[in-house]
Amino acid sequence: MTPVHPFFASDLALDADLRLQLWQKLSTEIERYLRQVANAPVAPKLDAPALRRALGEFDFATGMPPAEAMQFAVAGLWEHQVHTAHPRYFGLFNPAPTTMGVVADALVAAFNPQLAAWSHNPFAAEVEQHLIAAVAAKFGYPEDAADGVFTSGGAEANHTALLCALTHAFPEYGRRGAAALLRPPAIYVGTQSHHSMIKAARLCGLGTEAVRVLEVDDSLRLRAEDVAKALACDRTAGLEPLLVVATLGTTGTGVLDRVAELAELAEREHLWLHADAAWGGMAAIVPELRPAIEGIERADSITFDAHKSLSVPMGAGMLLTRHRDILERTFRVNEDYMPRDAAGLREAGVDPFAHSMQWSRRFIGLKLFLSLAVAGWDGYAAVLRHQTSMGHLLREEATAAGWRIVNETPLPLVCLAAPGPDGDTPRVVEPIARAAVASGQVWVSVAALPRGRAAIRCCITNYRTGPQDVAALVQSLNQARGQARR
Ligand SMILES: *Cc1c(COP(=O)(O)O)cnc(C)c1O
């Protein structure tokens with residue numbers, strides 16, 4: 001490592017010439033990644049000792065040249081991560097980021113706007129409000145009732161939804177906390193729903209036992225009548241049914257709950273209906289997919305992650321609601337150190353902190369704003385349509401190769417069972433997925449299914465995935481199946 005240069009420690013902004021060199025190197029490295037990631041193995045070998053040895057060199061006692069430090073990070077990111085930006089990453093809902101999203105995140109880091117009070121950054125606050133309105137309209141929320149907030153991701157959005165539901169059902173909840181709960185609340189989710197709602201129950205002090213995790217039907221969807229039965233039991237037992245979650249695009253299999261049926265039930269039983277459309281919310285943007293989420297506009301709140309199907313860099317979640325005042329009632333706190341210079345300004349907008357569990361907050365919305373401004377809704381619809389068609393192609397090619405499809409969804413997530421009576425057991429599918437990943441050619445995972453079954457989970461999450469990548473996936477899986485059998 002190059003020896004100390006006192007300059008590096010004395011000026012965190014660095015010298016202007018040095019900075020220019022650094023920006024150039026930065027853009028060169030980013031461009032190199034975009035152009036060459038498709039040639040790298042999708043997943044690296046996991047090598048913790050090598051990684052820790054390299055980090056052991058850093059005792060931070062002295063400084064080092066900036067370009068050298070950056071190079072360490074570039075090499076580490078190349079060598080020690082699953083390349084979610086790879087067109088043959090058929091993985092979790094992690095996108096290849098939009099270029100405009102990368103630009104936005106760089107600008108945000110440099111200008112470092114503070115999204116607590118409106119008056120500190122009206123540009124950022126208004127951009128986000130404008131986007132909230134635009135996305136809420138896509139989901140069919142009425143303009144005069146819709147509201148929302150940007151979150152770090154879907155988990156924070158789900159947590160926010162639960163806090164809103166509690167405030168809605170128990171208006172004293174914010175002030176009196178658990179003492180305001182007249183009866184212990186109960187929450188209804190399906191076995192296929194995301195675990196973040198269970199965590200949210202814990203974080204809200206309700207405890208995980210407040211969550212009723214209900215079996216799904218053969219199509220992997222939560223049945224409204226099962227929720228009705230469970231809540232009737234709970235009422236008899238003295239509990240307060242509070243919230244039901246419709247998952248639109250489950251994480252494991254991409255299946256969409258019948259949200260209209262759950263909306264019927266929620267309206268009849270006075271439950272808060274939360275639609276977790278973290279990934280599957282993409283259906284709101286593609287007209288021919290819209291019927292798959294019909295009824296979502298009746299949900300009291302919606303989780304949607306721009307960092308999943310809209311491909312902006314992590315983390316960019318959204319919580320939308322059709323209760324205009326609920327976020328403010330849930331989150332506003334008045335303290336003396338808060339800037340008040342906008343208080344007298346008649347046209348001042350909402351203070352972001354009063355809608356969020358965060359105070360100092362990054363300008364999350366800019367990466368969606370710039371991506372959407374450049375692509376337009378039509379551009380996004382075309383991209384999502386392409387991904388959807390790659391999903392259909394995968395279904396065709398995998399079926400032709402003897403695989404069996406075990407999930408039913410119009411979205412580009414395909415769960416495959418191997419041929420044979422045990423083809424949908426962990427014993428069979430896990431070694432196949434492991435061998436496919438170890439080949440470095442593709443990345444897939446295993447989805448756990450009800451009743452101890454499992455399938456190989458292949459999601460088209462990258463907008464650059466094309467027919468040749470789908471063909472390579474099927475070929476890799478065929479090979480892995482042959483290897484695993486031996
Ligand atoms: C990913 C996901 C979440 C959590 O979102 P994060 O952005 O990862 O926090 C919640 N619900 C569903 C259905 C998801 O797929």
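A polar side-chain atom of Asp305 lies 2.6 Å from an oxygen atom of the ligand, a polar contact in the sense of a pair of N or O atoms within 3.5 Å, where within protein one atom must be able to donate a hydrogen and the other to accept it, and residues adjacent in sequence count only if both atoms are side-chain atoms. The model is a predicted one, in which local features need pLDDT of at least 70 and side-chain atom pairs count only at pLDDT 80 or more, while totals for chains, interfaces and linings use all residues. Residues are numbered from 1 along each chain as its sequence is written, and side-chain values use heavy atoms, with hydrogens and water left out.

His307 brings a polar side-chain atom to 2.8 Å from an oxygen atom of the ligand, whereas Gly154 takes part through a backbone N or O atom, which lies 2.7 Å from a ligand oxygen. On its own the ligand has 380 Å² of accessible area, of which the protein covers 84%; such areas come from the Shrake-Rupley method with a 1.4 Å probe, and for residues only the protein chains shown count as cover. The ligand is surrounded by 14 residues, the closest being Gly154, Asp276, Asp305, His307 and Lys308, where a residue is near a molecule or strand if one of its heavy atoms lies within 4 Å of it. By class, this shell has three nonpolar, eight polar and three charged residues; Ala, Val, Leu, Ile, Met, Phe, Trp, Tyr, Cys and Pro count as nonpolar, Asp, Glu, Lys and Arg as charged, and the others, Gly among them, as polar. Helix 7 (residues 154-169) provides the largest share of the shell, three residues, and here helices (H or I, at least four residues) and strands (E, at least two) are DSSP runs, numbered from the N terminus.

Rolling a probe the size of a water molecule over the atoms shows where empty space is left. On a 1 Å grid over the protein atoms alone, a cavity is a set of points where a 1.4 Å probe fits but cannot get out, a pocket is an open set with protein on both sides within 12 Å along at least five of seven lines, and lining residues have an atom within 4 Å of a point. Grid points are joined across faces, edges and corners, and a volume is the space filled by probe spheres set on the points.

The largest pocket holds about 940 Å³ of space. It is lined by 29 residues, and those closest to its centre are Ile30, Tyr33, Leu77, Pro97 and Val102. The lining of this pocket consists of 22 nonpolar, three polar and four charged residues. Helix 2 (16-36), helix 4 (66-79) and helix 5 (99-111) each supply at least two of the lining residues, and helix 2 gives the most, with six.

There are also three cavities of 30 Å³ or more in the structure. The largest cavity has about 80 Å³ of space, and its lining includes Ala125, Gly148, Phe150, His355 and Arg361. Helix 6 (122-138) and strand 1 (147-151) each give at least two residues to that lining, with helix 6 giving the most, four residues. The second largest cavity, with a volume of about 40 Å³, has among its lining residues Phe93, Trp279, Lys308 and Ile460.

Strand 9 (residues 413-417) and strand 11 (residues 454-459) run antiparallel and are joined by four bridges, and Cys415 stands opposite Arg457 in strand 11.

Two local backbone features remain. Met314 and Gly315 are joined by a cis peptide bond, with omega about -10°, and Gly315 lies in the loop between strand 6 (301-305) and strand 7 (317-321). Phe60, although not a glycine, has a positive phi of about 60°, and Phe60 is placed in the loop between helix 3 (48-56) and helix 4.

Key:
Two strands pair if DSSP finds at least two bridges between them.
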